[in-house]
Amino acid sequence: MGRAFEYRKASKLKRWGMMAKVFTRIGKDIVMAVKAGGADPQNNSRLRAIIQNAKAANMPKENVERAIKRAISKDQEDYKEIVYEGKGPHGIAILIEATTDNTNRTVANVRSYFNKLGGSLGTSGMLDYLFDRKCHFKIANEGIDLEELEFELIDLGGDEVFLDDETNEINIYGEFSAFGAIQKFLEEKGYELKGAEFTRIPTELKELSEEEMAEVDKLIERLEEDDDVQNVYTNMK
């Protein structure tokens, strides 16, 4: 088992417990995918993957259709994807992925969260070396030989395959640039795709006491409550 497995098992995906927030974030992903590649899922692989994520999150079909219609509307403003980097309490590295139609609002909010909860917003690129950007797929466990699957994916850019015992789903991690190739392979093989996303895996984890972790968690939770924030990553063990 590699770093992705260890990080996956340890991470707290609290944001997915807030269904309304999840739907909002998936809706933004749909808008950006449609604007980048069109509204037809058959011709837009990224949109297909996001629609599958919506299904996995039990997002109603009408919500998905509404987001697609909104994306092709002339009234829909473009979203910008921005990465913010900073240090939280006790020197923990925090990387935030945001999607916003108002960068001034978003950066002001993010900076205020850091200032109020014992951290500081840093400069772009300062934490790049602490995280590896990966693509991540989840497929249904249908008696697939994991070793054989991992072997087939190596040449496509896959670097880790493992079974999540809690969900009974197979997790696949690969290089960031391998998203399209891996998605095409899984679709052609007929595997049931449960989810697809980009993620960041810390190159090493920093251990804190329970009290220190609680301080960092307060900042993470506040960041994740912001509608413009899509994902928050840390190097906290």
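So, the second largest pocket: its lining is made of Pro41, Gln42, Arg48, Ala49, Ile51, Gln52, Lys55, Gln183, Glu187, Tyr191 and Leu193. A pocket here, on a 1 Å grid over the protein atoms alone, is an open set of points where a 1.4 Å probe fits, with protein on both sides within 12 Å along at least five of seven lines, and lining residues have an atom within 4 Å of a point. Keep in mind that this is a predicted model, where local features need pLDDT of at least 70 and side-chain atom pairs count only at pLDDT 80 or more, while totals for chains, interfaces and linings use all residues. Residues are numbered from 1 along each chain as its sequence is written, and side-chain values use heavy atoms, with hydrogens and water left out.

How much space lies in this pocket? About 150 Å³, taken as the space filled by probe spheres set on the points, with points joined across faces, edges and corners. Helix H3 (45-56) and helix H7 (179-189) each put at least two residues into the lining, and H3 gives the most, five. Helices are DSSP runs of H or I, at least four residues, numbered from the N terminus. By class, the lining has five nonpolar, three polar and three charged residues. Nonpolar covers Ala, Val, Leu, Ile, Met, Phe, Trp, Tyr, Cys and Pro, charged is Asp, Glu, Lys and Arg, and the others, Gly among them, are polar.

Okay, how do H3 and H7 sit against each other? Their axes come within 11 Å and cross at roughly 65°, which makes H3 roughly perpendicular to H7 (65 to 115 degrees; under 35 is roughly parallel, over 145 roughly antiparallel, and the rest oblique). Axes are lines fitted to C-alpha atoms over the stretch in contact, and angles run from 0 to 180 degrees between N-to-C directions. The H3 and H7 crossing is left-handed, meaning the near helix is turned anticlockwise from the far one by less than a right angle; clockwise would be right-handed. Ser45, Arg46, Arg48 and Ala49 in H3 meet Phe179, Gln183 and Glu187 in H7, where contact means heavy atoms within 4.5 Å. That contact has two nonpolar, two polar and three charged residues.

H7 has another partner, helix H6 (residues 146-154): these axes come within 11 Å and cross at roughly 135°. H6 and H7 are therefore oblique to each other, and their crossing is right-handed. On the H6 side, Leu149, Glu152 and Leu153 meet Ile182, Phe185 and Lys189 of H7, giving four nonpolar, no polar and two charged residues.

Last pair! Helix H5 (residues 103-116) and helix H8 (residues 210-225) have axes that come within 10 Å and cross at roughly 160°, so H5 is roughly antiparallel to H8. Here Val110, Tyr113 and Phe114 in H5 meet Leu219, Arg222 and Leu223 in H8: five nonpolar, no polar, one charged.
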